[in-house]
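Hi everyone, thanks for making time.

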Amino acid sequence: MTNRILDVSKEGTSLSIRHEQLVIRQRGQDKEKTVPLEDIAILVVSNAQTTYTHPVLTGLSKHGAGLIVCDDKHQPSGMCLPLGGHSLQAERAAIQAGASQPAKKQLWKQIVCAKIREQSTLLKKLHNRDYGLDRLQKEVRSGDSDNREARAAKIYWRHLFGRPFHRNRYGEPPNNLLNYGYAVLRAIISRGICGAGLYPALGIFHHNRQNSFCLADDLMEPFRPIVDRAAETIVKSFGQAPPELTPETKGELIRPLLERYRFKGEFRTLFDLATISANSLIDVFQGRQKKLLLPMFLEREEGV
């Protein structure tokens, strides 16, 4: 299995299954492309005119792959993941549902601390300054009752892009870049959660009856700077022009999500790290450990 992330963005594309292979056909072309289902981790359907057969959905689920669908503006709007990815799923979901509020507050503190730490490290890499984020990270309380996460975000976004910026899913660019990158990252984290036998709708901090991936939204927080760093590079390349979501910029956003990063002396994929974090959450819920395993700032295998 190679954990490939595929993006289907061309008009007139049809997807089907043949002999455990995803068959990609382009309207008006005789030549077709095939990809083994076992090699696919995430399939992103960016073009609303794409057609696919029911076996595409069942085939992806069978092989543990996630599907992201996009709206007519090519922005991610939905996600589909396989069910029953772990033999102890029912038992683990019960443990997850029974987690106490104090335990959840301590977990959220750890997640917020890790997120601010990663944001600070990225700013240091880019500007040799943390702009006060290290101090804010040390001030986070249980449940982030003083909302240090929001204060850190205000500083972080201002210095990351070097321009006035408000993070809003429906806002101006580079929100379009972040939306796309975060959607793929969310699918990676969700895949790890399901693989660990946890229920993605039961969050630690995020809770919304219309959100089926609250836990993914919790655990992905410290991973977001991977996407942020790629988006910052793209913004610079566009100069004063608003960055566009093109096949090239999508590739730039996806590339770091497929790289290997150092964790406890080894280089692991984000798919591995997502599973490690999800499994450690079970250990915390069961009282076997107090700290959630979250990566320090992600050092790429090539040393970048």
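This is a predicted model: local features need pLDDT of at least 70, side-chain atom pairs count only at pLDDT 80 or more; totals for chains, interfaces and linings use all residues.

Residues are numbered from 1 along each chain as its sequence is written, and side-chain values use heavy atoms, with hydrogens and water left out.

Okay, the overall picture. The protein has ten helices and ten strands; these are DSSP runs numbered from the N terminus, with helices being H or I of at least four residues and strands being E of at least two. Along its principal axes, the C-alpha trace spans about 60 × 55 × 40 Å.

Buried residues make up 49% of the 304. Buried here means under 20% relative accessible area, exposed is over 50%, and partly exposed is in between, using a 1.4 Å probe and protein chains only. Now contacts, meaning heavy atoms within 4.5 Å: among those between residues at least 6 apart in sequence, 64% join residues at least 24 apart.

On to the helix pairs. Take H6, residues 175–195, and H10, residues 270–285: their axes come within 8 Å and cross at roughly 50°. Axes are lines fitted to C-alpha atoms, for helices over the stretch in contact, and angles run from 0 to 180 degrees between N-to-C directions. H6 and H10 are therefore oblique to each other. To place that word, under 35 degrees is roughly parallel, over 145 roughly antiparallel, 65 to 115 roughly perpendicular, and the rest oblique. On the H6 side, look for Ile188, Ile189, Arg191, Gly192 and Ile193; they meet Leu270, Phe271, Ala274, Thr275 and Ala278 in H10. By class, that contact has seven nonpolar, two polar and one charged residues. Ala, Val, Leu, Ile, Met, Phe, Trp, Tyr, Cys and Pro count as nonpolar, Asp, Glu, Lys and Arg as charged, and the others, Gly among them, as polar.

The second pair is H5 and H8, with axes that come within 10 Å and cross at roughly 35°. Tyr156, Trp157, Leu160 and Phe161 of H5 make this contact with Pro225, Asp228, Ala231, Glu232 and Val235 of H8.

Last, the loops. Between H5 and H6 you'll find Pro174, and the peptide bond to it from Pro173 is cis, with omega near 10°.

The loop between H4 and H5 holds Asp144 and Asn147. Asp144 has a positive phi, near 50°, in a residue other than glycine, and for Asn147 phi is near 55°. Asp144 is buried, at 7% relative accessible area, whereas Asn147 is partly exposed, at 39%.

Finally, Thr246 sits in the loop between H8 and H9 and is buried, at 18%. Where does Ser46 lie relative to Thr246? The two are 200 residues apart in sequence and 10 Å apart in space, C-alpha to C-alpha.
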